[in-house]
Amino acid sequence: MNKLCYHTLEEQNYDGFLLKDAPERVLQFGEGNFLRAFVDYFIDVMNEKTDFKSKAVLCQPIAQGLADAINAQDGLYTLYLRGFENDQKVVQKRIISCVSRCINPYSDFNALLECANNPDLRFIICNTTEAGIVYDPLCNPTDTPPSSYPGKLTRFLYERFKKFGNLPGKGFIILSCELIDDNGQELKRCVKKYAVQWHLGDAFLHWIENDNIFCATLVDRIVTGYPKNEANDLCHENGYEDCLIDTGEIFGFWVIEGPKELEKELPFKKAGLPVLITDNHKPYKQRKVRILNGAHTSFVLGAYLAGQNIVRDCMNDDVIHSFMNKTIYDEIIPTLSLPQNELMTFAAAVTERFKNPFIDHSLLSISLNSTSKWKARVLPTLKEYIHKTGQLPLCITASFAFYIAFYKGYERTSEGLTASRISNTYTVKDDPHVLDFFYTHKDVNNNELCRAVCRNIEFWGEDLSLIPGFEDAVSKYLNDITKRGAYDVMKECL
């Protein structure tokens, strides 16, 4: 088979949407599965549905990347979005053609800097993982390239400033997709620190502040990446070789915090895409963390102890599904600030996402680092619910007991903490100090263990035993889990 490229598609008389030639108006730091299934998909649809008509030039953020593979395919790749909607399997296939090329700055840093001289370039998008937005004081402006992503960006912005600094409208709209709080502002903070450290001048600092918009964003789509087990069959079905096939779920939602005028430059709404431009992204982040992530953290540990292994199967169990729904609709949603209809719509979408027949989402993989997850995703709901109602939320309180029961291991190894359920052993994985704590408490009774966990300020940032009735309620649930099992405790909560 021939490799996917424009020539191959011409030979096949391909009649789907393709944008072969257009100005490069987007610079994207990151060429991995997520951005290609999320941002580049949105750009591609926007190219088709509106007059956006822009190409994205990608830059691989680390030395080992996909630049050669992307360039060998003319920037083209096949994207499959697959999921469960209205009680039916849904598969959408699309050849993405918004990518012009990919630069490897480690072999050709000048190629990246040359993009700064392109007067059409307007947008910078990045996803360099949570560890990407860091300030490394060892970076220098003479490095080719600077090791940190903010260092590379600062060097690029300075090149732009030297070329167009006195011309209006030549700054950038910068969309940060990293999964950290206030990602856009944190990136801006790092850039300004480099500008000062490298003595790039007050005029450059003024230009960063006034001619560029650093947007915080919230991204939401599960991307499953290259389908290794299906790739050969898909290539034969398509009639071309594609080593960049990407897959993800149907659901996608992008919240961009920025001025309303961005809607004119980024016509996502006109293209009918699930992208929201708002002056405050935080309520939407809270909705995602509390409902989607909070639901995961609240039920998966109990579901695993009850014998389940993947999320989809949990949705086919009436008791576990009902426990999750009661957690979401009765305990989480009442604590949130967005309009009720928006919260209910999002919650309904969560259930369909969890039922996705194309994703085998392992409960054990979700259980990783459950201590910090419970603190960030569930504890705020517990406290807000108590504040609003004066009562303990039953399911969330039970979920804390599931957490303790799941972490009751008996052997500390280099891999984690070995524990057991009825059918098998498993490994609890968390920070070493968490695992050491539970291992040192492996021989205490349930009440003593519950007391020690609740009072561990290092875990929770506060003493949870001070919440009226919480420790006693968790102890009762923990003893019930030991006697009757997690499944019966879920039933009891219903």
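Predicted model: local features only at pLDDT ≥ 70, side-chain atom pairs only at ≥ 80, totals over all residues.
The largest cavity holds about 60 Å³ of space.

So who sits around that largest cavity? Its lining is made up of Ile-222, His-296, Val-311, Arg-312, Arg-353, Phe-354, Asn-356, Ile-359 and His-361. Two elements, H12 and H14, each give two or more residues to that lining. By type, the lining residues split into four nonpolar, three polar and two charged.

Let's stay with H14 for a bit. This helix covers residues 340-354, so count 15 residues. From first C-alpha to last, H14 reaches 21 Å, close to the 21 Å expected at 1.5 Å a residue. Which residues of H14 are buried? They are Leu-343, Phe-346, Ala-347, Ala-349, Val-350, Thr-351, Arg-353 and Phe-354.

Skip the residues within four places in sequence, and Phe-299 is in contact with Val-311, Cys-314, Met-315, Ile-320, Phe-323, Met-324, Phe-354 and Met-490. Phe-299 belongs to the largest nonpolar core, which has 75 residues. Along with Ile-291, Phe-400, Tyr-403, Ile-404 and Phe-438, Phe-299 is among those with the most contacts inside that core. There's also a second, separate core of 42 residues, including Leu-58, Leu-266, Ala-271 and Ile-277.

Methods
Residues numbered from 1 in each chain as written. Heavy atoms only, no water. Helix = DSSP H or I, 4+ residues; strand = E, 2+ residues; numbered from the N terminus. Expected span 1.5 Å × (residues − 1). Buried < 20%, exposed > 50% of the residue type's maximum accessible area, 1.4 Å probe, protein only. 1 Å grid on protein atoms, 1.4 Å probe; cavity = no way out; pocket = protein on both sides within 12 Å on 5 of 7 lines; lining within 4 Å. Points joined across faces, edges and corners; volume = space filled by probe spheres on them. Nonpolar A, V, L, I, M, F, W, Y, C, P; charged D, E, K, R; others polar. Core = buried A, V, L, I, M, F, W, Y, C linked by side-chain atoms within 4.5 Å. Contact = heavy atoms within 4.5 Å.
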